[in-house]
Amino acid sequence: MNILGLIAVDVGGHPSACVLKDGRLVAFAEEERFVRVKQALGYFPSNALRFCLEQAGLGLKDVDLIAFGWDATAYRWRFPLFLARSFVRHRVFGRRARARIGAPGRPPLGSAVLSGVRSLVSFQPRTLTEGIVLGLRDAGFKDGPVPPIVFMRHHLAHAASAYYCSGFDESAILVFDGHGEENTTTIFRGEGRRIERLKEINIPHSLGWFYSAFTEFLGWNPNEGEVKLMGLAPFGAPDPDVERLVRDVLEITDDGYRVDADYLFYGPRSYGKFFSDAVVERLGLPRGRGEPLTDRHRAIARAVQDRLEEVGVHLASMALRLASSRRLCLAGGVALNCKMNGEMHRRGIADEIFVQPLAYDGGVSLGAAQALAAEKGDDPRFEMDHLFWGPAYGNDEIEAVLRASRARYRRSPRIAEEAARMIADGKIVGWFQGRMEGGPRALGGRSILADPRNPEMKDLVNDRVKFREAWRPFALSILEEHFAEYVKKPARSPFMIMAFDVAEARRSDIPSAMHSADHTTRPQTVSRKTSPLYWQLIECFRGLTGVPGVLNTSFNVKDEPIVCTPRDAVRCFFGTGMDALAIGDCILEKPA
Ligand SMILES: [Fe+2]
């Protein structure tokens, strides 16, 4: 059976598409890469789905079903009933919460009601179906019937994307994000092809919103700046005042956690969309955009990250207990927090942990298609060991672009070796090879590489290429054969989704690919099997320097998606201070 998986929901962004043939993943891509707008919020994945169908050699008429990763049918009855109940509950209990924080009167509903009503209208099955049909027509499928559309529950899709890609035959599955329909956290158990729902926590108790609220408070865009908050946290000192507030907002309970919605969801909001004025009463004014970071901001980041880790570990232990399993799968936007994932691993709460690298909403097209495939009798299980599911470009296409750009280049029969030599010589090298990787991290398909040994290299790459905050850490791509020498408690980690403590003796080898405050690294273990050319590059680098890893950052500049085509790569190369570009078999070098 051929299934086209889609997700395009305005609230979360990351529209994407994938194609499954008889349960087997053939292609996956995110729309942002094609339209060149980060996250592509509000777009329908027209380009992504056209690419996926072409890659699979299918027309729309060959697609049996379309799986959509958001359940519109919930908005007929379940969601309105749920909203009504939660608002009544808020009116009754909210008064007590407000009295506690010293705010008088009845809790206002304001924008929470408005956004609920807006969801009710825009996520009705008819509205969403219409949007999908229009999107398909826009993608060039002008005539012929549209295959039946099946709406899948959002958290089930997240869960499927983790469990079916984990290679486990049974596992606990923990999903946490902003929200999917009314759910904010859901625990499942996977066994064979079956996924069973065990527990759910609902709006307004959202860990995604909790983290996004403080991201916004610290002056960054919610749904985007979370990674900055996580990177800033290790620089913060503990601050009892801030910790008290954070604990009041997010309380740990026997059956999970509770978010005090007065701080986030309800109440007047004069400073932010994701937090109410109650937070300002306790913490003072939020940081304005571009304002310098202070110790207070760092302490807030620290307290928020620590709390998330505590709650994350608590929920993961609960999931393992409820599912009677020693294995854990994670998905949902909160699972992108590699420090939290690292903490779960460090504490040894499970024997094995698989974090879906497409844990955010972009991965939901895949999970929706997999969950539907399983329902229809296909077997969607496989062990995901790479993310190269996007478009590739041959040397002919690449050279045509280079000639058209009047760029000076040469062909090299030993591209990996030459690139390794340039990196060892201190050059910043663009690396564009094979199929584009999906997900938020570059994994050696569309990467910018540099020497991790040089402590200055972090600042150089930041200044000359990425144009981003100087304190943010870079990641490490390391040969899997040597990983155990470099970190404490090593485990399989091909996707940069888990932080590890770097062994003391190795810290001086990779100062630029490690967090300077807590000495953790967010590694990609590179395998010869799945990334032969990239593996060869790092092996050559090891031969030259003795260090089996390179600094790897995504091939893009700040605020742009990762490059997709050779043209994007050439534009980025000449628009930044990169020294060289290794694209297919071609090498471009700028004069020294
Ligand atoms: Fe989600």
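Trainee: What spacing do the donors of the iron ion follow along the chain?

Mentor: This is a predicted model. The protein donors of the iron ion are His154, His158, Asp177 and Asp361. Along the chain, their spacing reads H-x3-H-x18-D-x183-D.

Trainee: How many residues apart in sequence are the parts that His158 and Asp361 tie together?

Mentor: Place each residue. His158 lies in helix α6, residues 154-163. Asp361 lies in the loop between β12 (352-355) and α14 (364-375). The pair therefore ties together parts separated in sequence by 203 residues.

Trainee: Is Asp361 buried or exposed?

Mentor: Buried means under 20% relative accessible area. Asp361 has a relative accessible area of 13%. Asp361 therefore counts as buried.

Trainee: Which word describes the arrangement of the four donor atoms around the iron ion?

Mentor: The donors lie 2.1 to 2.3 Å from the iron ion. Four donors count as tetrahedral if all angles lie between 85 and 135 degrees. Here the angles run from 89 to 170°, so the arrangement is irregular.

Trainee: Which residues are the closest to the centre of the largest cavity?

Mentor: The structure holds two cavities of 30 Å³ or more. The largest has about 70 Å³ of space. Its lining has 13 residues, and the closest to its centre are Asp385, Pro494, Gln524, Thr530 and Ser531.

Trainee: How do the residues of the lining of the second largest cavity divide?

Mentor: This cavity holds about 40 Å³ of space. Its lining includes Pro357, Gly438, Arg441 and Phe495. By class, the lining residues are six nonpolar, two polar and one charged.

Definitions and conventions
Residues are numbered from 1 along each chain as its sequence is written. This is a predicted model: local features need pLDDT of at least 70, side-chain atom pairs count only at pLDDT 80 or more; totals for chains, interfaces and linings use all residues. Side-chain values use heavy atoms; hydrogens and water are left out. Donors are N, O and S atoms within 2.8 Å of the metal (3.2 Å for Na, K and Ca); water is not among the atoms, so sites may look incomplete. Four donors count as tetrahedral if all angles lie between 85 and 135 degrees; four count as square planar and six as octahedral if opposite donors are over 155 degrees apart and all others between 65 and 115; anything else is irregular. Helices (H or I, at least four residues) and strands (E, at least two) are DSSP runs, numbered from the N terminus. Buried means under 20% relative accessible area, exposed over 50%, partly exposed in between (1.4 Å probe, protein chains only). On a 1 Å grid over the protein atoms alone, a cavity is a set of points where a 1.4 Å probe fits but cannot get out, and a pocket is an open set with protein on both sides within 12 Å along at least five of seven lines; lining residues have an atom within 4 Å of a point. Grid points are joined across faces, edges and corners, and a volume is the space filled by probe spheres set on the points. Ala, Val, Leu, Ile, Met, Phe, Trp, Tyr, Cys and Pro count as nonpolar, Asp, Glu, Lys and Arg as charged, and the others, Gly among them, as polar.
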